[in-house]
Amino acid sequence: MTSPGEAKYDFTSAAFWFFKCVGRNPGGAFSIALWQIIAYAVIIGALLVFGLPAIQSVLELVAVNDDPDPSEVFAAAGTLLALSPVIVIVSLLVALMAQGAWLRLMTRNEVAGGIPFRLGADEGRLFLVNLCLVAFVIAGYVAAILFFGIIVAVTMGINSAADGALWAALLNGVIWFVAVVGFTVAAFIIAVRFAAGPALTVRQKGFRLFHSFAATKRIVGWLVLTYFVLLLIALVGSMILSIVQQIAVMGGMMGAIAPYWGDLMAGAEPDPEQVREMITGLITSPAAIIALCVMLLAQVIFQIVFEGLWHGVGAYTAVRHDGGDGPFETDLAAPAESVGNAPSEG
């Protein structure tokens, strides 16, 4: 049973809503993915530019002194440590802008011209939604500590009263099984009920976190199944990605450590100078650089696709709940109007 304006839940559309939206607007999707890859490349490049010299400085310090003073180590890595907060903040901003861009595509079929990333009203509302979700996660951890603390107290009381009887051990096992399964299921259901919050916030251009409860009403079981299937897809994808990365490592990085391979296979522990030379070889080897680029590109592409699929479920749920003025399947074909206008529009 669905509410007026809601279509029947379509498992295939929900699980692969990301691909359906990419198919409707491949140019826009390519633009978002391209700029997301560029943004990540800039961040990783900054880490390499400032991080590798710092690592080399630390290794040179260790090569001279086996037990360097911690203050000297911090001084050697000072530039990287000083820039770390900036890099973290920039990374979070890129993630927020990418989330906003993808959700605009998947809920409103809107992609900004030029660089599709924005820091407008959509991103501001998404920031508040994500902040609330983080707060709920922290509250969940606190609730878990309190809940399982009570379970520990109860089981210890049973053990004390039963004086090690077999029935007490069996009862404690049942209590722990029910507690763990029950808490996990409850936490997953609560998380699913919030699944459409970010997408509704972008689609309706307003803070809509708690509207997700109405959007997910009567379809919680379907959503749980959908997310479970996506987790299986992620598991298979991560295995394939791991194989690709291992091939890249074997093909591109083994040459840099080849001179030391015999000693490593013999179980000899390399000295700090050898470690420094190996890292220097990895930094300067063209094959190693190509391998690193392949690994990072494969990782980013996998991240984009999986996050798109994951957020796509919430986007499908939001669109299903809020069909707009037109038919459900054609509503997303409306022309983009707000993204390219004033920042206050998103």
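## Helices and the basis of the model

Helices (H or I, at least four residues) and strands (E, at least two) are DSSP runs, numbered from the N terminus. This is a predicted model, in which local features need pLDDT of at least 70 and side-chain atom pairs count only at pLDDT 80 or more, while totals for chains, interfaces and linings use all residues. Residues are numbered from 1 along each chain as its sequence is written, and side-chain values use heavy atoms, with hydrogens and water left out.

The protein chain has 13 helices and 0 strands. Of its 346 residues, 34% are buried. Here buried means under 20% relative accessible area, exposed means over 50%, and partly exposed is in between (1.4 Å probe, protein chains only).

The buried residues of H6 include Ala 121, Asp 122, Glu 123, Arg 125 and Ile 151. Those of H7 are Ala 168, Asn 172, Ala 179, Val 192 and Arg 193. An α-helix has 3.6 residues a turn, so residues three or four places apart point the same way.

## The largest pocket

On a 1 Å grid over the protein atoms alone, a pocket is an open set of points where a 1.4 Å probe fits, with protein on both sides within 12 Å along at least five of seven lines; lining residues have an atom within 4 Å of a point. Grid points are joined across faces, edges and corners, and a volume is the space filled by probe spheres set on the points. The largest pocket holds about 1500 Å³ of space. It is lined by 43 residues, and the closest to its centre are Leu 133, Val 134, Val 137, Ala 191 and Trp 310.

H3, H5, H6, H7, H8 and H13 each supply at least two residues of this lining. H6 gives the most, with 11 residues. By class, the lining has 34 nonpolar, 8 polar and 1 charged residues. In this count Ala, Val, Leu, Ile, Met, Phe, Trp, Tyr, Cys and Pro are nonpolar, Asp, Glu, Lys and Arg are charged, and the others, Gly among them, are polar.

## The nonpolar core

A nonpolar core is a set of buried Ala, Val, Leu, Ile, Met, Phe, Trp, Tyr and Cys residues joined through side-chain atoms within 4.5 Å. The largest one has 43 residues, and those with the most contacts inside it are Tyr 9, Trp 17, Trp 102, Leu 103, Met 106 and Phe 117. Two or more residues come from each of helix H2 (17–24), helix H3 (26–64), helix H5 (78–108), helix H8 (197–204), H10 and H13. H5 gives the most to this core, with 10 residues.

## Aromatic pairs

Rings of Phe, Tyr and Trp (its six-membered ring) pair if their centres lie within 6.5 Å; planes under 30 degrees apart count as stacked, over 60 as edge-to-face and the rest as tilted. By this rule there are 18 aromatic pairs. The rings of Phe 148 and Trp 176 have centres 5.9 Å apart and planes at 0 degrees, so this pair is stacked. The pair links distant parts of the chain, with Phe 148 in helix H6 (residues 121–162) and Trp 176 in helix H7 (residues 166–193), 28 residues apart. Phe 148 is partly exposed at 21% relative accessible area, and Trp 176 is partly exposed at 29%.

Tyr 227 and Trp 310 form a tilted pair, 4.5 Å centre to centre with 50 degrees between the planes. This pair also links distant parts of the chain: Tyr 227 lies in helix H10 (residues 220–252) and Trp 310 in helix H13 (residues 286–321), 83 residues apart. Tyr 227 is buried at 5% relative accessibility, whereas Trp 310 is partly exposed at 28%. Elsewhere, Tyr 9, Phe 11, Trp 17, Trp 222 and Tyr 316 form one aromatic cluster.

## Positive phi angles

Most residues other than glycine have a negative phi, and most peptide bonds are trans. Lys 205, which is not a glycine, has a positive phi of about 55 degrees. Lys 205 is placed in the loop between H8 and helix H9 (212–215) and is partly exposed, at 33% relative accessibility.

Arg 218 has a positive phi near 70 degrees. Its place is the loop between H9 and H10, and at 43% relative accessibility Arg 218 is partly exposed. Asp 163, which follows H6, has a positive phi near 55 degrees.
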